[in-house]
Amino acid sequence: MPAAATDPLGGLSHDEAARRLKRYGPNRLVRASRGAAILAFIRTAADPMALMLAAAGAVYYALGERTDAYVLFAAIVPVLAVDVILEARSRTALKKLAGVVAPRARVVRSGVQTETPTADLVPGDLLLLKEGDIVHADAVVRSSSNLALDESQLTGEAEPVSKRPCETPGATADASEDSRVYAGSRVLEGQGFAEVTATGERTRYGDLARLVAEVGPRPTPLERKTGRMVRWMVGVAITVSALLFVVRMLGGAPAGKAFLYAVSLAMSAVGEEFLLVLTMFLSIGAYRLSQHGVLVRRLASVETLGSTTVICLDKTGTLTAGEFVLEEHLPLGPEMSEDALLEAAALACEPQAADTMERKILAHCTEHGIDVDALHSRWHLEHDYAFDPVGKHMSHVWSSGDGAGGAQRIVAKGALEGIIEHCDLSQADFARAESANAEMAGRGMRVLAVAGRDARPGGFNGVRASDERGLRLFGLLGFRDPLRAAVPEAVAQCQRAGVELKLITGDHALTAHAIADAAGIAHSDDGIVTGAQLDSVDQPAFEALVRRCSIFARIRPEQKYAIVEALRRAGEVVAMTGDGINDAPALRRADIGVAMGRRGTEVARAAADIVLLEDDFSAMVATIREGRILLDNIQRAFLYLVGFKVMLVSLTLLAPVFGLPLLLLPVNLVWLEMIVHPVSALAFEGEPAVDDVMRRPPRPPSAPIVERPAAYRAALSGALLTMMALALFALRLRDGENYARSVAMVVAVVGSLFLVWAEYAGTRRWWRVRAPEQRRFWLVIFAVAASLPAFMLTPPIATLLMIRPIAPADWGIAILAAAIAVGWRAFGTRSVSPSASPARARR
């Protein structure tokens with residue numbers, strides 16, 4: 001692909017990028033399925049209620065009841081319309097959410113670095129690659145610094161692959177393999193600029209690579225449970241309806257009438273609303289969280305939030321601001337000068353530092369009289385040794401500008417424990433260094449040690465172990481990362497909610513302890529453990545330490561994974577925070593992986609379930625709160641459906657059993673379906689929290705969708721409504737079947753409104769419940785209530801529904817009967833609120 005219009009310094013212009021996007025199309029590895037819209041339509045059209053309406057309409061038509069048949073066929077439209085509207089609302093929420101969390105790439109456009117959705121990358125774009133990035137297009141490296149990539153997803157080889165700039169400026173076709181990067185690989189270290197050569201399906205591995213960040217939503221455990229429940233209900237409804245059809249036929253009923261009776265029973269029993277409500281609540285809940293700076297990448301995490309028992313916290317940027325200030329430098333030893341320490345600190349950084357901490361070091365050196373530019377003019381960087389995650393240090397090899405006979409020097413910085421392993425120290429110097437490090441760490445500082453030496457005769461040999469041997473310890477640098485102001489209150493809320501917090505950090509134990517104290521994280525005096533201690537114990541002791549301790553210091557990434565695994569084996573529901581490439585396995589293993597939006601690498605964000613845009617722990621607490629509220633509202637809607645469905649099925653089934661005429665005809669069931677769909681989906685979604693939402697223990701993940709006592713109360717309310725409606729139906733048959741049906745429908749419709757209020761109030765006394773403030777709630781309630789007089793007083797509709805106006809006294813009797821059937825719940829219970837349940841045994 002041509003690249004002639006690419007400015008190697010300024011990248012493409014915005015206009016040229018737009019033209020190329022139009023020419024080459026979006027950078028997507030997989031095209032959207034052309035049949036996706038058709039399949040979605042088929043799934044919606046296959047609504048069980050719509051299919052049964054069509055069947056009943058066909059029977060009416062065959063029996064010559066053309067008007068009833070047309071009514072039932074017409075009723076398919078509003079039934080499907082409700083499904084389409086609710087489904088569209090869910091899809092809109094998910095589409096907006098997907099747009100927010102879609103991966104982005106850093107490119108140079110018109111000479112300015114900017115972020116763009118990866119779908120907008122075009123051939124010729126100048127792509128900035130940094131540690132932790134996933135490469136979203138094939139490209140040729142134009143400039144680089146210590147750039148190495150992981151191409152194992154593409155090649156199967158786990159070894160890092162070093163990359164160097166293409167030797168021929170502007171060339172793309174002739175670039176060597178070690179100058180090419182491919183979509184699907186990830187940057188392990190270093191940084192560079194690469195010119196995009198192919199996008200989308202035209203990439204070398206376009207038909208194989210599947211970026212984690214582009215994986216679509218998948219069914220959640222709660223969705224699967226609900227789906228199984230709905231399929232069970234459908235199966236039972238069809239089986240019982242078929243049996244009743246046979247029984248009615250054997251009893252002498254005409255085939256058409258027997259079939260209509262069977263269809264009516266199936267229509268009343270099918271519970272497709274459960275799955276529809278669940279999907280919509282989860283989708284909209286995820287979108288609502290995104291508006292608060294919390295991006296939910298997987299819907300499963302929304303439901304799991306209500307069950308979280310342990311949060312494993314990173315310190316930097318989560319509890320603290322993540323904005324290090326170099327507050328103190330301390331030369332070690334009377335013979336060590338401040339200038340010598342600061343010069344060594346400057347040489348321990350990259351000349352053009354990209355790392356925030358290194359920029360702070362260079363600025364601090366300049367403020368204290370070190371001419372950093374002059375220092376870099378005297379010394380030239382020859383080689384650097386990357387960060388060692390075990391020794392927690394890195395080093396640079398420099399040479400003076402005097403040619404082959406010039407001096408050479410190596411300078412290292414990192415954790416004191418790792419640095420002193422490479423130093424020649426006396427016992428007194430060692431004790432002095434340890435004491436100074438402990439004193440600074442005890443004040444909540446993050447401490448870096450600086451060491452170095454000049455080359456021996458013959459220079460450095462390029463072997464790290466040899467080059468870093470025999471270093472001289474220059475001193476310590478103390479960084480301050482202030483605690484976020486909102487953290488103590490957020491920690492307190494979490495712990496009041498029964499969620500245990502564990503601080504896991506690579507910092508010194510004393511630093512971690514100081515931060516934990518300041519944040520208010522509960523811990524015992526012996527609840528601090530280091531990575532070295534974890535390495536020294538067997539597996540049972542390891543798991544015991546993980547369960548008992550709350551502060552983990554000097555922890556390596558692989559130990560994070562082991563800690564999460566141990567907690568999960570102990571039965572905890574674990575949320576894990578992280579931001580780096582090496583955190584990805586632990587984020588994946590946790591029940592909820594939480595990545596930092598600002599500091600987090602793209603690999604960490606792709607592996608996580610939730611992304612905190614502001615890297616703020618208080619947002620995590622708000623997320624747990626929203627997750628619990630969401631579960632409460634799902635349970636309210638489900639309990640309402642339980643009560644309503646019990647009433648529908650019982651009224652349909654029991655009227656003929658007691659020798660009464662069919663109370664609920666298919667047209668009446670359509671009316672009630674037009675009530676249950678919007679009420680269950682709209683009346684409860686978005687309701688505010690109950691008072692104890694963050695003062696109760698986490699919900700056990702093994703708990704049923706709704707607690708049995710609550711389900712029994714809802715079912716009993718539906719059964720009592722059935723008894724009241726059937727009793728009044730039987731008593732008023734002397735006034736005609738249509739009149740009796742009208743009285744019974746008042747009981748059913750008004751009773752459904754009492755059910756709404758009963759589930760809204762939960763276990764609280766009705767008169768102590770604050771009235772809902774959402775306009776949507778009252779619009780739905782008013783529409784349902786108004787349907788009764790409106791349908792009765794409109795002759796054509798009344799004729800179709802086989803109802804008619806009733807006397808005021810019967811209005812009063814029917815409303816009173818509905819109130820009695822549900823009103824016994826007005827006094828509340830002593831049970832826990834909707835999603836709470838007894839906490840499982842804690843340690």
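In this predicted model, the axes of helix 25 (residues 708–731) and helix 29 (residues 808–823) come within 8 Å and cross at roughly 155°. Helices here are DSSP runs of H or I with at least four residues, numbered from the N terminus. Axes are lines fitted to C-alpha atoms over the stretch in contact, and angles run from 0 to 180 degrees between N-to-C directions. Helix 25 and helix 29 are therefore roughly antiparallel to each other, a term for angles over 145 degrees.

Where the two helices meet, S717, L720, L721, M724 and L728 of helix 25 face residues of helix 29 that include I813, A817 and V822; contact means heavy atoms within 4.5 Å.

The model also contains separate nonpolar cores, which are sets of buried Ala, Val, Leu, Ile, Met, Phe, Trp, Tyr and Cys residues joined through side-chain atoms within 4.5 Å. Buried means under 20% relative accessible area, with a 1.4 Å probe and protein chains only.

| Core | Size | Residues named |
|---|---|---|
| Largest | 89 residues | Y640 and I675, with the most contacts inside the core |

Apart from neighbours within four places in sequence, I675 is in contact with Y640, F644, V749, S752 and V784. Of the 843 residues of the protein chain, 54% count as buried.

Residues are numbered from 1 along each chain as its sequence is written. Local features need pLDDT of at least 70 and side-chain atom pairs pLDDT 80 or more, while totals for chains, interfaces and linings use all residues, and side-chain values use heavy atoms, without hydrogens and water.

Terms used: Angles under 35 degrees count as roughly parallel, over 145 as roughly antiparallel, 65 to 115 as roughly perpendicular and the rest as oblique. Buried means under 20% relative accessible area, exposed over 50%, partly exposed in between (1.4 Å probe, protein chains only).
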